[in-house]
Amino acid sequence: MSPDHPPGLDLDRLRVLLDRERPGLVTGPLSGRLIEGGRSNLTYAVSDGTSRWVVRRPPLGHVLATAHDMRREHRVISALHPTDVPVPRPVLLCEDEEVLGAPFYVMEFVDGTPYRTAEQLAPLGPERTRAAVLNLVDTLVGLHAVDPAEVGLGDFGRPEGFLDRQLRRWAKQLDASRNRDLAGIDELHATLGRELPRSPSPTVVHGDYRLDNVLIGGEDDEIRAILDWEMSTLGDPLTDLGLLVMYSSPLGLPDSPVSTTAQAPGHPAPAELIERYAARSGRDVSAVAWYTAFAWFKLAVILEGIHYRYTLGQTVGRGFDRIGDLVPVFIEHGLTTLQEG
């Protein structure tokens, strides 16, 4: 298909739907393009020449609808949009698979940059980089301050036993792709299970909160929108903090296919991010080492799954041949984090 008609996006059918459900919204012929960078669900930018929107749908040929629940993503941004949490304005949810071949939703297009690497942050300079990352923490505090019941998300998840279920879920994922010895990963999983912390009151959890899942823009480098809500639920807010701390920790691997932003000049150290979250949220973060180690474990499992698919010839693109070498590094970081507390 042409760049204006990418796979998975039938613009003619989309136009018919929008004209019927949102009369007057579209004022000209639609064009669309796939936005690169998404890890799972497909994201398209659509324009009528005057206005722009974003379409989110499951990957082509997806099997498990529960893993790509468009209703869930649309529900959480619809609930959060009236709050101070920056999310795109939802436009439409379509569960009729006849339109695009899968359920999807449409939301407003938000201008901004998702900073994925230290190299991309470098042009901002140390002061702007520091402010942007600290603002990332403040925005997370704001998300966790939302009362789920007040915004209609009181039944958005099952907070009871959340951490135990998370550990079991990722252990099951590991078993599904286990085809080599990984020194230390069973020890890491077992130690996490023995030292399970007591969760604070549940909040809306993003599930993949990091710098490249937000859009930053404007003169003040404000966070204009939090994106990619596919892993969101009700649960332990400190899992979001642990993941953010992990992604703010240096990997010590030059030219790694998986990078953090930690080496960018001006990037705050993990300890400062933890302290700021604690001060602004009022939560006890004394067990943050557990949550950070859990993040290392979860990413190790995800990377091992990618490596497993690579060994089966099921991945396309560059860098997959090096993913397997990263897994032991993530395991070691997890074990060290627990040992150092």
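D228 lies in the loop between strand 8 and strand 9 (233-235), where helices (H or I, at least four residues) and strands (E, at least two) are DSSP runs numbered from the N terminus. This is a predicted model, in which local features need pLDDT of at least 70, side-chain atom pairs count only at pLDDT 80 or more, and totals for chains, interfaces and linings use all residues. Residues are numbered from 1 along each chain as its sequence is written, and side-chain values use heavy atoms, with hydrogens and water left out.

**Loop residues**

- D228 has a positive phi of about 55° although it is not a glycine.
- Most residues other than glycine have a negative phi.
- D228 is partly exposed, with a relative accessible area of 23%; buried means under 20% relative accessible area, exposed means over 50%, and partly exposed lies in between (1.4 Å probe, protein chains only).
- D221 is placed in the loop between strand 7 (214-217) and strand 8 (222-226).
- The phi of D221 is also positive, near 50°, in a residue other than glycine.
- D221 counts as buried, at 9% relative accessibility.
- S249 is found in the loop between helix 8 and helix 9 (270-281).
- S249 is buried, with a relative accessible area of 11%.
- Not counting residues up to four places away in sequence, S249 touches T260, A262, P270 and W296; contact means heavy atoms within 4.5 Å.

**Helix 5 against helix 8**

- Helix 5 (residues 125-145) and helix 8 (residues 238-247) pack at an angle of about 165°, with their axes 11 Å apart.
- Axes are lines fitted to C-alpha atoms, for helices over the stretch in contact, and angles run from 0 to 180 degrees between N-to-C directions.
- Helix 5 and helix 8 are therefore roughly antiparallel to each other; that term applies to angles over 145 degrees, while under 35 counts as roughly parallel, 65 to 115 as roughly perpendicular and the rest as oblique.
- On the helix 5 side the contact is made by L136, V137, L140, L143 and H144, and on the helix 8 side by D240, L241 and L244.

**Aromatic rings**

- Rings of Phe, Tyr and Trp (its six-membered ring) pair if their centres lie within 6.5 Å; planes under 30 degrees apart count as stacked, over 60 as edge-to-face and the rest as tilted.
- By this rule the count comes to three aromatic pairs.
- W290 and Y291 form an edge-to-face pair, 5.2 Å centre to centre with 80° between the planes.
- W290 and F294 form a stacked pair, 5.5 Å centre to centre with 15° between the planes.
- W290 and F294 are separated by about one helical turn because they are four residues apart in helix 10 (residues 288-311).
- W290 and Y291 are buried, and F294 is buried as well.
- W290, Y291 and F294 form one aromatic cluster.

**A charge over a ring**

- The charged end of R72 sits over the ring of F156, 4.0 Å from its centre; this requires NZ of Lys or CZ of Arg within 6 Å of the ring centre and within 35 degrees of the ring normal.
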